[in-house]
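The following questions and answers concern a predicted model. Please consider the structure first.

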Amino acid sequence: SPARISAIFCSPFTRALQTAVPVAKALDLPIFVEWGFSELLAHNWLHNRDPLPELRARPHRSLPGWTLIDFGYENVVEPEYPDVTGGLKPGDDARRKKPLERHARAVRAAL
């Protein structure tokens with residue numbers, strides 16, 4: 001039989017929360033914000049400064065679907081800015097290692 005979805009995990013970034021909200025509503029499940037699922041924290045490419053402090057400072061009520069978020073969930077994987085500096089190109093496997101390992105730890109924690 002197919003596996004039943006029992007949890008919704010997402011990154012703290014607004015667009016991830018916006019995606020998680022209709023899924024959480026449809027399945028009647030809470031959202032667990034796991035910081036380890038944060039997008040690539042690429043300084044001087046995707047970000048000009050560390051976005052994490054600003055994300056953490058947002059009032060709960062300002063978050064998309066805030067009533068669906070389980071604020072009692074304890075984050076497991078803490079990202080460190082930056083993952084990389086500058087852009088990534090095909091073959092940059094060594095530079096991808098830090099964010100890929102972070103995401104892998106977050107997946108293991110979610111399972």
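Q: Is Phe32 buried or exposed?
A: The classes follow relative accessible area: under 20% is buried, over 50% exposed, and in between partly exposed (1.4 Å probe, protein chains only). Phe32 has a relative accessibility of 15%, so this residue counts as buried.

Q: What is the geometry of the pair formed by the rings of Phe32 and Tyr73?
A: Rings of Phe, Tyr and Trp (its six-membered ring) pair if their centres lie within 6.5 Å; planes under 30 degrees apart are stacked, over 60 edge-to-face, and the rest tilted. For Phe32 and Tyr73 the centres are 5.3 Å apart and the planes stand at 50°, so the pair is tilted.

Q: How many residues apart in sequence are the parts that Phe32 and Tyr73 tie together?
A: Helices (H or I, at least four residues) and strands (E, at least two) are DSSP runs, numbered from the N terminus. Phe32 belongs to strand E2, while Tyr73 is in the loop between helix H2 (52–57) and strand E4 (84–85). The pair therefore ties together parts whose separation in sequence is 41 residues.

The model is predicted: local features require pLDDT of at least 70 and side-chain atom pairs pLDDT 80 or more, whereas totals for chains, interfaces and linings use all residues. Residues are numbered from 1 along each chain as its sequence is written, and side-chain values use heavy atoms, without hydrogens and water.

Q: Which residues form one aromatic cluster?
A: By the ring rule, the count is three aromatic pairs. One of them joins Phe9 and Phe32, tilted at 5.2 Å centre to centre with 40° between the planes. The cluster consists of Phe9, Phe32 and Tyr73.

Q: What is the relative accessible area of Lys25?
A: Lys25 is found in helix H1 (residues 14–27). Lys25 is classed as exposed because its relative accessible area is 58%.

Q: How far from the centre of the ring of Trp35 does the charged end of Arg56 sit?
A: A charge sits over a ring if NZ of Lys or CZ of Arg is within 6 Å of the ring centre and within 35 degrees of the ring normal. The charged end of Arg56 sits over the ring of Trp35, and its distance from the ring centre is 3.9 Å.
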